[in-house]
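Have the viewer open and follow along.

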Amino acid sequence: MLNKGLTEDDLFSFLSSKKQEDIDHSYILSSMCTLPHTVAIKAHDMFIDTNLGDPGLFPGTAALERLLIERFGTLFHKKDAGGYATSGGTESNIQALRLAKALRHTARPNVVVPESAHFSFKKACDILCLEMRSVPLGSDNRMLADKASELIDKNTIAMVGVAGTTEYGMVDPIDDLAKIACQHDIFLHVDAAFGGMVIPFLDKPIPFDFALPGVTTIAVDPHKMGMSTIPAGCLLTREPDMLDALNIETPYLTVKKEYTLAGTRPGAPVAGALAVLDYLGSEGMKAVVAGCMKNTKRLIAGMGTFGIEPAATPDVNVATFVCDKVPAPWKVSWTRNGHLRIVCMPHVTSDRIEAFLSDFGDMHA
Ligand SMILES: *Cc1c(COP(=O)(O)O)cnc(C)c1O
């Protein structure tokens with residue numbers, strides 16, 4: 001801690017020097033986050049002082065959170081779905097499994113998750129002392145529903161399917177998983193952290209949500225394709241009051257109980273997330289998603305002209321390639337299998353795709 005505080009000028013010149021060390025978004029091709037929409041920034045600023053951990057003090061902000069959940073419930077074909085705003089996919093996944101565990105008591109609980117699941121499930125299983133059973137993928141990079149079925153036993157508290165995998169952008173056969181979940185009476189959590197804001201807006205939406213009777217909970221992240229400010233995730237539950245199973249008593253707050261994981265929770269990104277949804281509407285979101293999908297296809301076709309093969313045929317805007325090198329200063333990522341991975345987020349415009357392809361061509365030549 002500094003003994004004597006800095007002047008505002010010195011402080012902000014220090015902060016801006018650090019900000020300049022960050023990578024410019026125009027070169028970021030690896031992230032599932034993007035530049036927040038201008039209305040999200042405006043709404044975020046407006047609600048910067050709010051704390052949803054004490055909703056009785058911020059009833060207006062709490063109403064926005066309920067509205068956000070209602071918007072997603074409606075989008076996911078269950079208008080009266082329950083849920084709350086989390087800090088992102090990790091918290092939503094932890095809380096979904098925590099809920100599944102609270103709803104089914106077994107001596108040695110296990111969960112059945114696809115090999116392609118996000119690493120947050122490792123954290124969830126560690127914290128909740130759950131055995132993680134991995135389901136292999138088929139040649140199409142989707143979880144094999146039959147294999148999932150084989151791994152279920154009397155100690156299985158939940159099964160997980162991913163709608164838009166982080167690495168390859170695939171949607172698991174959620175309809176088959178939902179049927180299996182119904183047959184075995186098992187909790188099915190759909191991790192749509194990324195795909196939840198893409199799939200409903202595709203020309204041909206793939207079934208993944210509460211329209212399928214077996215789906216119990218859904219995670220969706222407004223801070224990814226929802227273009228909100230960070231941190232904004234949502235956990236949705238089929239039954240409106242399901243999360244009450246996690247309630248603990250809270251002395252000294254304006255509410256007597258809470259089921260959230262965090263105590264103090266920011267209202268600002270919740271306002272930001274709702275602002276984007278209500279400003280764009282489904283027409284606006286469809287246009288954003290159509291643009292990202294078009295850029296994904298263009299990137300795959302463009303790489304093809306250099307003889308670079310795609311590693312998968314993605315359902316959402318994640319492109320992967322059999323390729324081991326890209327030119328500087330582009331920031332890309334590499335999957336566990338060593339494939340080049342590029343996420344065509346809204347800030348990755350068609351101009352940026354062309355610029356990348358041109359640099360790639362120069363390097364490749
Ligand atoms: C991004 C992602 C997560 C984790 O979300 P965070 O917001 O980073 O915690 C979980 N699951 C999937 C499928 C994701 O794409």
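A polar contact is a pair of N or O atoms within 3.5 Å; within protein, one must be able to donate a hydrogen and the other to accept it, and residues adjacent in sequence count only if both atoms are side-chain atoms. This is a predicted model, where local features need pLDDT of at least 70, side-chain atom pairs count only at pLDDT 80 or more, and totals for chains, interfaces and linings use all residues. Residues are numbered from 1 along each chain as its sequence is written, and side-chain values use heavy atoms, with hydrogens and water left out.

| Residue | Ligand atom | Distance |
|---|---|---|
| Asp191 | nitrogen | 2.6 Å |
| His223 | oxygen | 2.8 Å |
| Lys224 | oxygen | 3.0 Å |

Taken alone the ligand exposes 380 Å², and the protein buries 86% of that (Shrake-Rupley areas, 1.4 Å probe). There are 16 residues around the ligand (a heavy atom within 4 Å), and those that come nearest are Thr90, Thr166, Asp191, His223 and Lys224. By class, this shell has nine polar, four nonpolar and three charged residues; here Ala, Val, Leu, Ile, Met, Phe, Trp, Tyr, Cys and Pro count as nonpolar, Asp, Glu, Lys and Arg as charged, and the others, Gly among them, as polar. Helix H4 (residues 89-103) gives the most to the shell, with three residues. Helices (H or I, at least four residues) and strands (E, at least two) are DSSP runs, numbered from the N terminus.

Now to a sheet. Three strands form an open, antiparallel sheet in the order S10-S12-S11 (two strands pair if DSSP finds at least two bridges between them). Strand S10 (318-321) and strand S11 (333-334) each have a single partner strand, so one side of each is left without a neighbour in the sheet. S11 is joined to strand S12 (residues 340-343) by two bridges, and Ser333 has Arg341 in S12 as its bridge partner.

Some backbone details are worth a look too. The loop between S10 and S11 holds Pro329, which a cis peptide bond joins to Ala328, with omega about -5°. Another cis peptide bond joins Ile230 and Pro231, with omega about 0°; Pro231 is in the loop between strand S6 (217-220) and strand S7 (233-237). Finally, His77 has a positive phi of about 65° although it is not a glycine, and His77 is found in the loop between helix H3 (59-75) and strand S1 (82-86).
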